[in-house]
Structure formats: structure tokens, C-alpha cells
Amino acid sequence: MNPGLRKLFRDGTADASAIDTFISENQFPLVDGRDITFVWRGEATNVYLRCWISGLDTAQPFQRLSESDLWAVTIELPPESRIEYKFEVVSGDTRQLVLDPLNEVRAHDPFGANSVCQGAGYRRPGWTLEDPLARSGTLKTMRIRSRVFGDTRTTRVYLPARFRENARYPLLVVHDGDDYLKFAQLKTVLDNLITGLEIPSMVVALTQSDDRLSEYAADKRHADYLVEELLPGLSKRFPLIDDPAARGVMGASFGGVATLHAAWRHPGVFGNLLLQSGSYAFSDLGRHQRGPVFDPVVEFMNRFREAPGKPAERVYMSCGIYESLIYENRSLLPKLQAQGIDVLYEEARDAHNWENWRDRLRNGLSWLYPGPVWMVYE
Amino acid sequence: MTDAVERWVLGPQRPEQNISRAFSSSGLAEGPVAVISAGWQDAEAELDHVGELVGRPLSDLRLYQRAERLVQGDPVLKEAYRQRQDRLIELQRFYRRRMRQLSAAARELQAAEGDPALLAPERRHSIAQLRSLDTHHLNRVEAIHRDFEQQFSAAVYPAIEEQVDQIRSLLDGCSALLITGGNVVVLVNRMRLFGIGDLVSNLPLVAWSAGAMSLTKRIVLFHDYTPHGRRSPEVMGAGLGILPAHVFLPDARRRLRTRDALRTGMLARRFSPDTCVTLDNGSAASFHDQQMVVAEGVRRIDKRGKLQKVVL
């Protein structure tokens, strides 16, 4: 038991006012080295910790402490880990997933919010926070009439501070661009890294799909749209360096699949890939177990693993070690390296979430697009 | 006997500015000041703030803009220039590959324990190998520049000569030259294209950060805190050679692991007999010809890697 809780219940019980004081004096969850104790207060039949991370049981039961209304569960989490979670509160026949009311740290994603547990030593990187001294880029909106999809697509385009029409810029295309802006603070990150000269001033196209589970699942229409419609549209509208080495594409999860697939289908177009927690499901034998939405992904990945070609010259890959996809990501690494691709692969003590992807952006972007910090002496 | 030419080198001008310290010196006669800020690239012309600090009329040489216009408007020069840049980039890549290995080996030996009689010559030789590679690289870079300049320099190419004449006439009306910080590779590249070294050899000058680096005989790039960790310092090419006996290290407090004596000691020995001198914000050094006569806040790195006050 957590030492603080043990002290609170040293007489075998604790009254409501002592529990009130304990709660007001502590931060939750309670971190004691590698031991993380989650606490829930209230009436319930059962309480479970739900954190959907690979390696832990999906639902870990809390224990009621003595006869009080305080519940707790302790898990072991290595230093610098970061996980997202909710509580499942069971009252009779009712089950409810709730955020941790004692923890204000939240992470948001397209499906809502989760509570965040930061293990000992985790610090949010400073370059993910708004810096008033950083020069701010601007976001423009561009519409592209797509023959491939038969509709009109909207792409937001990040232009760096001090953008000039007579200069030439590298390009990065981002899958789930709006989500990267909202949940991974991509604009802030770009502003900070460009101001700090860690990456060059660059144009970033932020694409978003209304049907990502279909279009990002190795859909050739999407790959063709990127290369045959979006890229020419961007080149016409913005001053871009016409060189694959200065052109890249990135994405997370299914966006990682879409990134790899587009580069594989159109080799030589993108010199740089930034892949985060890609959903690279494959089956060496038998049928995969991940559900029908993964069928086209598995079909593509099986073909890719047989004939990877050389989708790009440089690839940055990252994956959280608490993700169920860690096996697939680790399996992809030697396939890419065997093609002579320069790969930087990183793992983090994190799971499949936007803050994991946010925290890896500096390493990925500055590796694929090294800035002039080395040459600039202000 | 002619009077010595006064030259000031300063650290970064943020957060504190000390340009006025140099311009208040009696060695810099009153009059307009020529400015080279090509290291700022597209922002080259944004000099209002500098003008206020200098307190004298500025004559902006606009080397960056001149080079852009010149190269973009001349397909022959543009192609030759592009080819030269590609060769320089590739050569730097080869050099970096060799230097990384030698540097790691040298560091390993500096940290190794063993019989001093056996170890000392190995340590010396590992540094000598680095020095030899640096010299070799500098010679190769110079050879590429010489090839280019045989066809494209003021002496042989009228379009460049025309620009150099304009620059010379701007300089004629100035009592001193100011070279700002910025991208040192771009800065030195543009200065070399217009033969600035010959034009300013007798002009008093003030230079900060990248500008100070450009005055040395070889440009040494360094940064121990890049996103992917420390990199071994690299020789990029030749500078103007006006202050040839120094390697200037601007913003060393932020860029250099100054407490890693093994690393700083290697740096000092690698570039010896030139002296590695830090130029942090607020620091200033003045030279009469090549002799340092003022040293405010600058530090030299000794062969043991310690930062020492400069004793004049």
C-alpha cells in the first residue's frame, strides 16, 4: 500500500475529515517511485482502472480501504512513463467510465478525454508549450477539387513566420493534420522548432479525412490523391523545393499506414517519412485477429513485407512500448533497414495517444529536416 | 610606420548589446559604417535596430541580395554555383564520416587508463590524426573554391566585377565595417563571392558571433546541444584570415559543454597553436592588427580544457 494511505489507515480506519485532509494535501495518482496508486472516492459496488495498455490487464480492480468510501489500486510503472486511463465505476447493474476526479491532468483526442498518469520523472517537453518569444507561423486554407475522390478537399497549410514568396521551402504533408494541431500542438511545436533553428522554415500541409478508417487503410485513391492532386496543387500555390529530399509525409496510427502506403505506391516522391505508432498489422500465417477494418491494411502490409522497395531515403519511426502495436512496429524496422533506408527508430514509455506522438515530434522533425542551428551564430 | 588597424569581436547581441562599446573606442574614427549582414539571409536589410546602437550612418552592402540577384539572373553562373555547392556539401559529408570516427577514437583514448608511457603517444597521435584530417579537408575545400574562382571571380567575370566595384565605392566612403552574426556558412560564402577579404583588409571593423568567426583563417562549426545530441566540431572552410591565430566560439555558454574538460581540452589541442576563445553575450575583445589588446569577458580554453581569463 502507498505509504501515505498506510499512514492514513494506520488505526485500521479513517474518518471522513481525515480523508478530506488527505485528498486536499496530495496529488493524484500517488507516485511513490515505480508504484503508482490510483484513488477513487465514492460509493460503488466495484471500481476498475481501465488503461488499455499492452502488458497490463485491461481492467484492474480497486480495493475498498477498510470500510471507508476510499478505493485504491497500485500498479508498477517504470520511471518517465506516461499512461492515459479512466475509472470504470460499477454500481449495481450500471457501469460508467469516468475521468479521475482527483486528477486534473487530461489528454484529449477525437474520442474525448482521458486522465493522464505521469510516472516519476516524466516532464512535458518545453518545446511543446507556447513560447511568447517564438515567431508565429500562419495557417491558410486551401481547397482542392479531387478527381480521385470526386469531391472538394480542404487542406490547411502552415506557412512559417517570415514566409517569403521568393524563397523556396521544404514540404511536409501531415495526415490527421487538424488532430495534430489540436491534440499534439503541432503549430506550437513548429513555431518553436523553427524559431530555435532546429528545423528549417518549412511549409506544412495539414490534411484531414472524414473517412480515415477507409481512406487511410492503404487506399490507393488516397495515395494517388496525395501525389497526383495535393502535391501539384501545393507546388502551384506555394514556393516549394522541387526535390524528394525536401519533401516528406507523416502520420500516426492509421495515418502511419497511409503514409507508408503512399510512399510505397509512389516511390521517389517523398524523401522523408515520419511514422508514429503505425497500425502495421500483418499475418505471417493464418488470418489476422484485428477486425474487418484492418483487412486492407493486412493485405498491404503482407505485400509490403514481401516487396518493400524503397519508399523513401529517410524514415523516422516511433512507437510506445505500452501499445499493442509495438510488435508490428518493431517488425517493420529491419524490413526498412534491409532496403538501405536510413531509419531512426525510437520507443517511449507511452501508449497509443496524441501526447506520445507530440513528445516525439522534435526528434522526428529535426532528424528528417535538420535546421541550421549548427551553422547559425546569432 | 602606419597605425595598427583596430578590430573588435563581440559575443551575441542578445539579450545585452555591447556594439556601442566598440564604437565608442577611439580607434574607430567617426563616419559612416559599412554593414555586412548576409548571415541574416532574407532579413539582411532589417538594420534599424543596429543603426540605433551604432549611432552612425550605415551603408548596407547587401551582399546576400546582390548574390541572389546575380546568381538567379545568370544561368551560367547559377549552374556553376550550384555544382560547386553540391560538391562542397558532398565533401563535407565525407569529411564528417571520417572525422566522427577519429573524434570518437581520440576521446576514448583521452579517457583511457593505462601505462602513461604507452598511452601518451597514442593520445597525441589521435589528436594529430584529427588535425591532419582537418588540414586535408580545408585544402580540398579550397581547391573546389579555386576551381570555381578561376572562372567566376571579379578578376575574370564582368558581372561579379561590376558588383565588386559597387561594393568598393560604398566602402570608400566608410570609416569602419560592421559584420553581424547569423548563418556563418552563408555569410562567408557571400563574402568570398565578392572578394571582401581583399577589400577590407585595412579597414577597422567590428564583428559579432558569426561575423567574428568569419575573420579567422578557418571556420569551426560547433554545437553540443543539437536535438540529436553533441556533434564533433567541424571545419567548414576558410575564413577571411584577418585574425588567423584564433578560433572564436560565440555563445559558448549555451552551445558548448564547457564543464566537459575532456571535450574542451580536445578542442583546444586539435586547433592549436590557434587559441580557442569564447565569445559570450556581453564579451568583447579588441585587436590591434592581430594582437589582442582588450579582453572583456572572453575566455581562452587551455589544453586541459579549462576556461581561463585572457591575460594580455
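Accessible areas come from the Shrake-Rupley method with a 1.4 Å probe, and for residues only the protein chains shown count as cover. By this method chain A exposes about 16,800 Å², of which carbon and sulfur atoms supply 47%. The model is predicted: local features need pLDDT of at least 70, side-chain atom pairs count only at pLDDT 80 or more, and totals for chains, interfaces and linings use all residues. Residues are numbered from 1 along each chain as its sequence is written, chains are lettered from A and ligands numbered from 1 in the order in which they are written, and side-chain values use heavy atoms, with hydrogens and water left out.

**Figure 1. Overall view of chain A, with 11 helices and 19 strands.** Helices (H or I, at least four residues) and strands (E, at least two) are DSSP runs, numbered from the N terminus. With a radius of gyration of 23 Å, close to the 21 Å that the globule rule gives for 378 residues, chain A is as compact as a globular protein of that length. The radius is taken over C-alpha atoms, and the globule rule is 2.2 Å times the number of residues to the power 0.38. Along the principal axes, the C-alpha atoms fill a box of roughly 75 × 60 × 40 Å. Buried residues make up 56% of the 378 residues of chain A; buried means under 20% relative accessible area, exposed over 50%, and partly exposed in between (1.4 Å probe, protein chains only). Of the contacts in chain A (heavy atoms within 4.5 Å) between residues at least 6 apart in sequence, 73% join residues at least 24 apart.

**Figure 2. Aromatic pairs and an aromatic cluster in chain A.** A pair of aromatic rings is described by the distance of the centres and the angle of the planes. Rings of Phe, Tyr and Trp (its six-membered ring) pair if their centres lie within 6.5 Å; planes under 30 degrees apart count as stacked, over 60 as edge-to-face and the rest as tilted. Over all chains, a search of the whole structure finds 20 aromatic pairs. One of them, Phe62(A) with Phe87(A), is edge-to-face, at 5.1 Å centre to centre and 75 degrees between the planes. Phe62(A) lies in the loop between β4 (59-61) and β5 (63-64) of chain A and Phe87(A) in strand β7 (residues 82-91), so the pair ties together parts that are 25 residues apart in sequence. Both Phe62(A) and Phe87(A) are buried. The pair of Phe163(A) and Tyr169(A) is stacked, with 5.1 Å between the centres and 20 degrees between the planes. Tyr169(A) is buried, with a relative accessible area of 5%. One aromatic cluster is formed by Phe38(A), Trp40(A), Phe62(A), Tyr85(A) and Phe87(A).

**Figure 3. Overall view of chain B, with 11 helices and 14 strands.** Its radius of gyration is 20 Å, close to the 20 Å that the globule rule gives for 312 residues, so chain B is as compact as a globular protein of that length. The C-alpha trace of chain B spans about 65 × 45 × 45 Å along its principal axes. Of the 312 residues in chain B, 52% are buried. Chain B exposes about 14,500 Å², and carbon and sulfur atoms supply 49% of it.

Figure 4. Leaving aside residues up to four places away in sequence, Glu142(B) touches Arg192(B) and Ala238(B). The C-alpha atoms of Gln291(B) and Ala245(B) are separated by 9.3 Å, although the two residues are 46 residues apart along the chain.

Figure 5. Pro15(B) lies in the loop between β1 (6-10) and α1 (19-23). Pro273(B) belongs to the loop between α11 (261-271) and β10 (275-279).

**Figure 6. Positive phi values at Gln41(B) and Ser209(B).** Gln41(B), a residue other than glycine, has phi near 55 degrees. Gln41(B) lies in the loop between β2 (33-36) and α2 (48-54) and is partly exposed at 28% relative accessibility. Ser209(B), likewise not a glycine, has a positive phi of about 45 degrees. Ser209(B) is in the loop between β6 (205-208) and α9 (210-213) and counts as buried at 0% relative accessibility.
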